[in-house]
Amino acid sequence: MLLLKSEPPAAVRSLAELLAIAEAIDQNMERRYTDLADHMAATARKKLAELFQNLAAEKRNHAEHVRRWSSDLIGAVPDSSNLRWNPSEAFDDEEARNAASSRLVSPYSVFSMAVRDEERFFAFWSYVAAHTDEPAVQAAAEHMAREGLQRTALRRRERRRAFHAEGRGSTGTPAPQRLASKAVEAERLLARFLPALARQQRKASTEIKRLAEEALEMAQDASSLAGAEGIMAVEAAPAEHSAALGEMVRLSEQAAEAYLEAADLAQDEATVRRLQALAGRAISRLSLLRQLPEEQ
């Protein structure tokens, strides 16, 4: 998925492991923002340095929040010895490297980076929640994902203010309705062809059929967000048709990314929350599909 450089390589097995991961992510993002703040200060871009310093401070404060939460949940602060893999490998630093080397960075692009970072944070914890078999871990991961959505909303407002302050035009910017329509197209295709995948993936047949039904529900919801009155029923592909798992994964990626991009551009918080909820469901579906074998 484009949001993440790679998916979490293994299911999180305990709250101690989850909290160690959460602290490590915050510390890594704090270091990245601090490095960018230092670079901007060294190149006499004081305003940009202050913005990155503020983002670094927020991550530092959140790491402290995680430590207090950890003490409440498990009676101890996070311990890096509980890490079985490096969570920072899921996050791509290319955008930060580009920012450090570019003279075209502006407050708008700083907040755009921050929005995408929070979307990746949300996607990461959505994957963790979808993969675990431990109810306590799932609840904690969902809590972290919700926090990411809350910060995304804040970053979006800051980005919008920077957008207008910089006098940027909106020509060529895809409207939320257009992006929602893109998601509707993907959901309709998933609803049509997932039943064929269910016939091929016999061990996961019931779950895949549920995903097909859910795709139609999500198509209906996204359709209303796109300004359409509704969509016609989707007929499953004929029994002789097959469905490539890779194509189902691609369509799921398309839907998730369209929902999140539309949420970035939506103007009211109710619409943002609906789109983000759809994105969460799409990411959970993507996680399940990625666990299936190519052939069965």
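This is a predicted model: local features need pLDDT of at least 70, side-chain atom pairs count only at pLDDT 80 or more; totals for chains, interfaces and linings use all residues.
Colleague: Understood. Over which ring does the charged end of Lys-59 sit?

Modeller: That ring belongs to Phe-121, and the charged end of Lys-59 is 5.6 Å from its centre.

Colleague: Where does Arg-32 lie?

Modeller: Arg-32 is placed over the face of Tyr-33, with 5.5 Å to the ring centre.

Colleague: Back to Phe-121. Which aromatic cluster is formed with Phe-121?

Modeller: Phe-121 forms one aromatic cluster together with Trp-85, Phe-124 and Trp-125. In the whole structure, a search finds four aromatic pairs.

Colleague: Which residues have the most contacts inside the largest nonpolar core?

Modeller: They are Phe-124, Trp-125 and Tyr-259, in a core of 90 residues. Helix α4 supplies the largest share of this core, with 13 residues.

Colleague: And what does Tyr-259 touch?

Modeller: Leaving aside residues up to four places away in sequence, Tyr-259 touches Ala-183, Glu-187, Met-218, Ala-222, Leu-275, Leu-278, Ala-279 and Ala-282.

Colleague: Let us change topic to α2. How many residues does α2 have, and how far does it reach?

Modeller: Helix α2 covers residues 46-74, which is 29 residues. From its first C-alpha to its last it reaches 42 Å, close to the 42 Å expected at 1.5 Å a residue.

Colleague: Which residues of α2 are buried?

Modeller: Among them are Leu-48, Leu-51, Phe-52, Leu-55, Val-66 and Trp-69. Lys-59 and His-62 are also buried residues of α2.

Colleague: Why might residues three or four places apart point the same way?

Modeller: An α-helix has 3.6 residues a turn, so residues with that spacing point the same way.

Colleague: What covers the buried residues of α2?

Modeller: The cover includes α1 (15-42), α4 (107-131) and α5 (135-165).

Colleague: What happens just after α2?

Modeller: Gly-75 takes a positive phi of about 75 degrees there.

Colleague: Finally, the chain as a whole. How many helices and strands are there?

Modeller: The chain has nine helices and zero strands. Of its 296 residues, 50% count as buried.

Colleague: What share of the contacts comes from residues 24 or more positions apart?

Modeller: Such residues account for 83% of the chain's contacts with a separation of 6 or more.

Colleague: And the accessible surface: what does it come to?

Modeller: It comes to about 14300 Å², and 49% of that belongs to carbon and sulfur atoms.

Terms used
Residues are numbered from 1 along each chain as its sequence is written. Side-chain values use heavy atoms; hydrogens and water are left out. Helices (H or I, at least four residues) and strands (E, at least two) are DSSP runs, numbered from the N terminus. The expected span of a helix is 1.5 Å times one less than its number of residues. Buried means under 20% relative accessible area, exposed over 50%, partly exposed in between (1.4 Å probe, protein chains only). Contact means heavy atoms within 4.5 Å. Accessible areas come from the Shrake-Rupley method with a 1.4 Å probe; for residues, only the protein chains shown count as cover. A nonpolar core is a set of buried Ala, Val, Leu, Ile, Met, Phe, Trp, Tyr and Cys residues joined through side-chain atoms within 4.5 Å. Rings of Phe, Tyr and Trp (its six-membered ring) pair if their centres lie within 6.5 Å; planes under 30 degrees apart count as stacked, over 60 as edge-to-face and the rest as tilted. A charge sits over a ring if NZ of Lys or CZ of Arg is within 6 Å of the ring centre and within 35 degrees of the ring normal.
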